[in-house]
Amino acid sequence: MFGAMQTSKSQFLDKARLAREERKGVKERERAATQIQALVRRFLCRCRLHRDIRWAPGCWGVRQSPASVGWCAGRRCSKVFKLREFEKLCRTILSSMEVENEPKVWYVSLALSKDLTIAWIKQIKDVLWISCEFLKTLKPDILQDNKLVTLYLTMLVTFTDTTTWKIVRGKGEAMKPALNRMCENIMGHLNQKGFYSVLQVVVYCILLTNGLVRSRPSLSKGTLTAIFTLSLRPVIAAHFSDNLLRSFLIHIMSVPAVVSHLNTLTPECMVTIQSHDLMRKFILFLSREEQCLDICVCLEGSHTLCLLGNLIQLGYLNVKVLELEACHFVKDLTDMLSYCQRYVSQKKSNLTHWHPVLGWFSQTVDYGYQDHFITLQCLWGVPVICTLFCDVLSKKLEIQEPTPPPPQPTTLQNNLPVKNLFKRAFQKSASVRNILKPIGGRRVDSAEVQKICSVCVLYQTALTTLTQIRLQILTGLTYLDDLLPKLWAFICELGPQGGLKLFLECLNNDTDESKCLLAMLMLFCDCSRHLITILDDIEVYEEQISFKMEELITISSFLNTFVYKMIWDGILENAKGERLDLFYSVHGWLMVLYERDCRRRFSPDEHWLRKDLKPSLLFQELEKGKKRAQLLLQYIPHVIPHKNRVLLFRNIVTKEKETLGLVETSSASPHVTHITIRRSRMLEDGYDQLRRLPVNSMKGVIRVKFVNDLGVDEAGIDQDGVFKEFLEEIIKKVFNPALNLFKTTSGTERLYPSPTSSIHENHLQLFEFVGKMLGKALYEGIVVDVPFAPFFLGQVLGHHHSTFSFIDELPSLDAEFYKNLTSIKRYDGDVSDLGLTLSYDEDVMGQLVCHELIPGGKTMAVTNENKISYIHLMAHFRMHTQIKEQTAAFIRGFRSIISQDWLHMFSTPEVQRLISGDNAEIDLDDLKKHTVYYGGFHSSHRVIIWLWDILSSDFTPEERAMFLKFVTSCSRPPLLGFAYLKPPFSIRCVEVSDDQDTGDTLGSVLRGFFTIRKKEPGGRLPTSSTCFNLLKLPNYSKKSILRDKLRYAISMNTGFELS
């Protein structure tokens, strides 16, 4: 085939390829030409059709009536009208309907012709649907589009109802039924094509702009009325059938804030709603579980909330209907909130979005709707609450004479129980407390109880679903001062024997009835906790807003028992879901009351203790690792006597020492850290030598050798006594306000970090060191006289301010400042007249410094609207922000020695007692009982008898404290009594000076026992060995000499070298 005279193979292939490409190009050109021809023909056809319509004889001329013109143009309208031409058609048709006494001119009169009826109906359906199509594309913000929206809505309003048709007046009245059916047919056609979807789009365009809810709609009152009228007509025409009610709820009632806008702009629409009893129909329709679920599924989460908000606002505006249908209304809202809860997630993930009301949400969120959710607030508004809780609020509480609250303590000593004062107060209020005790008698299955339970379930569901506005809900529920006391009285009446027994039984049942009752208790606890947290001390103790003191005592006893039973009976161990949430609610309310009582007493002695709980049994179970014992210690340690908790704390420390090898055993000795301290530079030397010690070494044995001012080592063997002296002295120095690491509060003289401590270059390292030293003292059981401000100690312990506000703690910092702030809260006039801003001016070393409480605060005036925020911000700044760094450094050092979990079992005042010892006076009988005698002394020796008599009769309490410090290096008695002083306090008879003392001999013991003196020791002073808690006492011949020498010795404070 490829001979020599032929082209090469490659040339042949190139020719074939070019031929194929040419054929392909010809085909493409032919196809393109065909498409171009089709487009041109279509364009020419449309132009011809438009020209024919525009110039059709009589269509737009004056020779025919508007009805004929509309009919003529309408027949050609199909799908080819441009917006301007369709606008002209609609105006022509509407103008024909406005002519008076000219039936032939009316466009609707064409429907009466037998030959044109069917064609006219089809035409008007097409015209109205085209109006709907155009409505979906218009933007009401544009003036021209705004006019068109009004035009097309007028078309729809006019031809879906015969009310405005002049043809049915007078003689045409007989035709009205037939024409009404014709309108129903038209509406049915529009509904099938998606009429409600169109209206929803229009309403969204009117009420929303760029996705945000408008404060004012973009269209006029008449336009909004027209849309609502159009949306309601199919429902009324169908006699409120389920299908139409469903469409109305899905497409209209789910529009954000639609009821709010209707109520504001078109009150006549609200009248229409009331006249047709729409709210009751909505409630009853949704009360069927399958219908409610169907609506929720169609709307999903966010739009379900919109529907919920609109229904709530309808109830808010129609209280009478709400009263009649309260049960169904509550059920509907609960079901919808429960459905929304399905989409609520506990944490962020790739599948969740942040919802402004629900939190993390597993569906997409339109952030433009967040302003709409203000309509949900009607649910916790006063009218709705009064209606739903009417059975509770109608209850009359017994008139009771208020009991004066316990006086505000001014010192720590005043915090101790005042038995006689409480006895008189409770005798006076005995009759009141009998009324408030659970009395029982109300049947749980009664309609009234079931209703209140369902209402409580609703609000509890709202709290757990609408998590981001939880505080708003709680604030609304606590607005009425008498709701919570009356709800408590209602709870006390439940069951045959009163509330507590009933609710404890409910814990063991899993019935719907039990769940509802527990939801009531849970709501009561959440609301009461919120209320007491936001009330200040004046409102709680003096004004006694909402709850009287006797009620708080009864409630706290109820809660204490309930929580104890949940833990001790093993319910909490296996609790999940609702049971766990119930525990946290009840426990939270309990701890609010307990913390408030610890700060300012309102309960009687031993109120919080459980007398049926044996500490020995609890400790045995803790040793065995029983879960219930651990939970009890974790959640309600206050039910255990304080002494037993202190013992437990010491046992925990001892066990850790054993674990770390810090206790000397027969096989090993602990590592000892030796430090040398110059008395003249005690703080500097201690800081340099101890701050870098590892934690375990800091917890271990530290031996101190003092060097006096002459550079000579002081005599004495440190068996922890010298270290105790060093620790107490160094703590005394660092907490001295003159050093400016710490300041004292005004009035009570309690310590807290100085805001200006930064004058020290390394002040944060110093705070960490001080925290370690205080932790070491607590770890070793060494009490130090350091009275902390309660607000600072609470931060050290890690107490959360969910149980109280900073304003409650402010008096412990500055009582006068607290008084001034609360006077602003109660100021009746315009607070802005005071000229305050959201800032705080402070004099820092002669220079005025302005601190903004919030960004830009110095330019923001304090008004009646933000004065509460100002008060709390100011309190937070003074007690937290201002000393934040210093507190954090102190806590870091303290917790390196003392675990936070160890102190969790103590309240703030109890930890202060752990640190500083018992504030009570020294119990000389207890000291005498646990004293050991050496050197011939015994309890009946005359010198010993003189000593105890001098201490009890001649010495003042201050001198007794100095005596205790002289012999033990600590001025306060051990918290658990002198039985726990290690080593025990001892007194030894001595004959010679300390540097010649070689201990007891047979002769010295016999001479001491028989009061035989080698020589008169009148010139010698008593001495001590604090490391052994030992008092060395010469055998004085006279009581007066003993008194004078002892008084002089305890005032010198020269340690081992005193002789």
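Helices here are DSSP runs of H or I with at least four residues, strands are runs of E with at least two, and both are numbered from the N terminus. With that in hand, welcome to the tour.

**Before you click**

The model is predicted, so local features need pLDDT of at least 70 and side-chain atom pairs count only at pLDDT 80 or more, while totals for chains, interfaces and linings use all residues. Residues are numbered from 1 along each chain as its sequence is written, and side-chain values use heavy atoms, with hydrogens and water left out.

**Stop 1: the whole chain**

Start with a cartoon view. The protein chain has 46 helices and 14 strands. Colour by burial next: 51% of the 1059 residues are buried, where buried means under 20% relative accessible area, exposed means over 50% and partly exposed lies in between, with a 1.4 Å probe and protein chains only. A contact is a case of heavy atoms within 4.5 Å. Among contacts in the chain with a separation of 6 or more, 75% join residues 24 or more positions apart.

**Stop 2: two loops with positive phi**

Select Ala-257, in the loop between α9 (242-251) and α10. Its phi is near 60°, a positive value in a residue other than glycine. Ala-257 is buried, at 6% relative accessible area.

Then move on to Asp-277, in the loop between α11 (267-275) and α12 (278-286). Asp-277 is not a glycine either, and its phi is positive at about 55°. Is Asp-277 buried or partly exposed? At 23% relative accessibility, Asp-277 counts as partly exposed.

**Stop 3**

Grid points are joined across faces, edges and corners, and a volume is the space filled by probe spheres set on the points.

The structure holds 4 cavities of 30 Å³ or more.

**Stop 4**

Of its 47 lining residues, Arg-650, Glu-780, Gly-781, Ile-782 and Lys-982 lie nearest its centre. Elements giving two or more residues to the lining are α30 (642-660), β6 (701-707), α33 (721-734), α34 (763-780) and α44 (957-968). The top contributor is α30, with 8 residues. The lining is made up of 27 nonpolar, 9 polar and 11 charged residues.

Zoom in on Arg-650, which sits in helix α30. Arg-650 is partly exposed, with a relative accessible area of 22%. Beyond its neighbours within four places in sequence, Arg-650 contacts Leu-778, Tyr-779, Glu-780 and Gly-781. Draw a C-alpha to C-alpha distance from Arg-650 to Tyr-779: they are 8.3 Å apart in space and 129 residues apart in sequence.

**Stop 3: the nonpolar cores**

A nonpolar core is a set of buried Ala, Val, Leu, Ile, Met, Phe, Trp, Tyr and Cys residues joined through side-chain atoms within 4.5 Å. The largest one has 267 residues, and Phe-159, Leu-466, Phe-726, Phe-788 and Phe-890 touch the most other members. Helix α26 (residues 549-568) provides the largest share of this core, 12 residues. Apart from it lies another core of 29 residues, including Val-943, Phe-985, Leu-1042 and Ala-1049.

Centre on Phe-890 to finish this stop. Setting aside neighbours within four places in sequence, its contacts include Phe-735, Phe-742, Phe-767, Phe-788 and Phe-792.

**Last stop: the cysteines**

With a disulfide taken as a pair of cysteine sulfur atoms within 2.5 Å, the count comes to 0. Select Cys-506: the closest cysteine sulfur, in Cys-453, is 8.8 Å from its own, too far for a bond. Cys-506 is buried, at 3% relative accessibility.

Key. On a 1 Å grid over the protein atoms alone, a cavity is a set of points where a 1.4 Å probe fits but cannot get out, and a pocket is an open set with protein on both sides within 12 Å along at least five of seven lines; lining residues have an atom within 4 Å of a point. Ala, Val, Leu, Ile, Met, Phe, Trp, Tyr, Cys and Pro count as nonpolar, Asp, Glu, Lys and Arg as charged, and the others, Gly among them, as polar.
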